[in-house]
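I opened this notebook to record what I looked up about charged side chains and their partners. The entries follow the order of my search.

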Amino acid sequence: MKKLMLTKLFLALSVLTPTLHAQQPAPAADARRPGDGTPINQVHPGWSLEQARPDDYKPQVGALAFSPDGKYLAICNFVPQRTGPNLQTNGTLEIIENATSQDTSKIKIHKVSDELMLPLGACWLEDGLYVLDRFEITKWTDTDGDGLPDKRQSFASGWISDNFHHFSFGLPYHDGFFYATLSSSLHLSKEERETLKAGEGLAGRISDDKNTLGGNAPNPEHRGCVMKVNAKTGEIQWIAGGLRTPNGIGIGPKGIVLAPDNQGDWKPSDGIYAVKGGEFLGKYNCTASHVNMPDGGVPSLFSEKEPTPPAVWLPHNEVGNSPSAVLLIPEGKPFAGQMYLADLTQGAIHRLFMQEVDGTWQGGVVRNTMGLEVGPNRIAWGPDGCLYVGGTGAG
């Protein structure tokens, strides 16, 4: 790889912490080394690092997607959310022209929309740009021939997002389908529940109960699931359940769907799950009954099955805190066929390698580079062969 280009972009979930402090080397008297709590203070020696944004452009990135011809880079931005759902749109879609230019003064930014809600996934195909936000997948097309998408239409929807921790992550494409994941609830305070109940479209889904549920709150149907979406029809299949905060779903070797998940309730450490379909991935959704959910929360999909362990465990606070993106390394690159794995809190891009043994995926992860401007949330290969990194700089 010629160089690693950095844009100051990224997604900040309520469970994540700032990473700007993580760029300082350990004191000389400290014998610890990276891997036992001490961060690396520079990028991998085989990479060079360049800023790929104008100095005055500091987006907070939830998604990155290059156009098929490589001419444009779509960036979705959003305002990090730490409390109850904001009922106002807080995300933007911007198209970057000349994103691959080494002269940042030539980069042009076109704002397409500021009416998205927590957009955390994007994929640009020949027939249009697909964007995933909290409530739906939208399709954006170019109607005036200037190469920039300007028409929005709903493509796929139907899931409920009524908790501040209800995010939608995606959208890798493989063999005619998009893939995405839905996170599960965290409990809210009484004040937040009262605010949410007063919000349009949310009444009837928020508990009146006291703050006694800990971190594992009731969920509506499909939360913590992996979805498979037909790229022609928008039809949704729910193919796996039992995830907590599965940010960064990607496609690995042999087309395997890989879903990173964050440590927390029912999750002793971060992990990377190989999803073939039909798996229960370990998190049991709370099913308590409440005044506004008299039938109780909905169990995790496939939770009647034995939990499927992750293909790769990420030791928490060592090489995993907030895994955020998986990206296959293509042919012609060092380590082709392996993957890069971003981690927000670590401020890192690790190298992930996997193999299939008797139908079961397994593997490991090693540190590859840290010393980045912010914790990476999305990574994408550019048409120039460089790796583009997006983060938020917020936790």
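The entries below concern salt bridges in this predicted model.

Entry 1. I searched the whole structure for salt bridges and found 5.

Entry 2. I looked up aspartate 127 and found its side chain in a salt bridge with that of lysine 139, at 3.2 Å from N to O. The pair links distant parts of the chain, 12 residues apart. I placed aspartate 127 in the loop between strand 7 (121–125) and strand 8 (128–132), and lysine 139 in strand 9 (residues 136–141). I then checked accessibility: aspartate 127 is partly exposed at 35%, whereas lysine 139 is buried at 16%, because buried means under 20% relative accessible area.

Entry 3. I turned to arginine 152, which forms a salt bridge with glutamate 136; their closest N and O atoms are 3.1 Å apart. I noted arginine 152 as partly exposed, with 31% relative accessibility, and glutamate 136 as buried, with a relative accessible area of 17%.

Entry 4. I examined lysine 276 and found a salt bridge to glutamate 356, with 3.4 Å between the closest N and O atoms. Lysine 276 sits in the loop between strand 17 (270–275) and strand 18 (279–280), and glutamate 356 in strand 22 (residues 348–357), so the pair ties together parts 80 residues apart in sequence. I recorded glutamate 356 as partly exposed, at 33% relative accessibility.

Technical notes: Residues numbered from 1 in each chain as written. Predicted model: local features only at pLDDT ≥ 70, side-chain atom pairs only at ≥ 80, totals over all residues. Heavy atoms only, no water. Salt bridge = Lys/Arg side-chain N within 4 Å of Asp/Glu carboxyl O. Helix = DSSP H or I, 4+ residues; strand = E, 2+ residues; numbered from the N terminus. Buried < 20%, exposed > 50% of the residue type's maximum accessible area, 1.4 Å probe, protein only.
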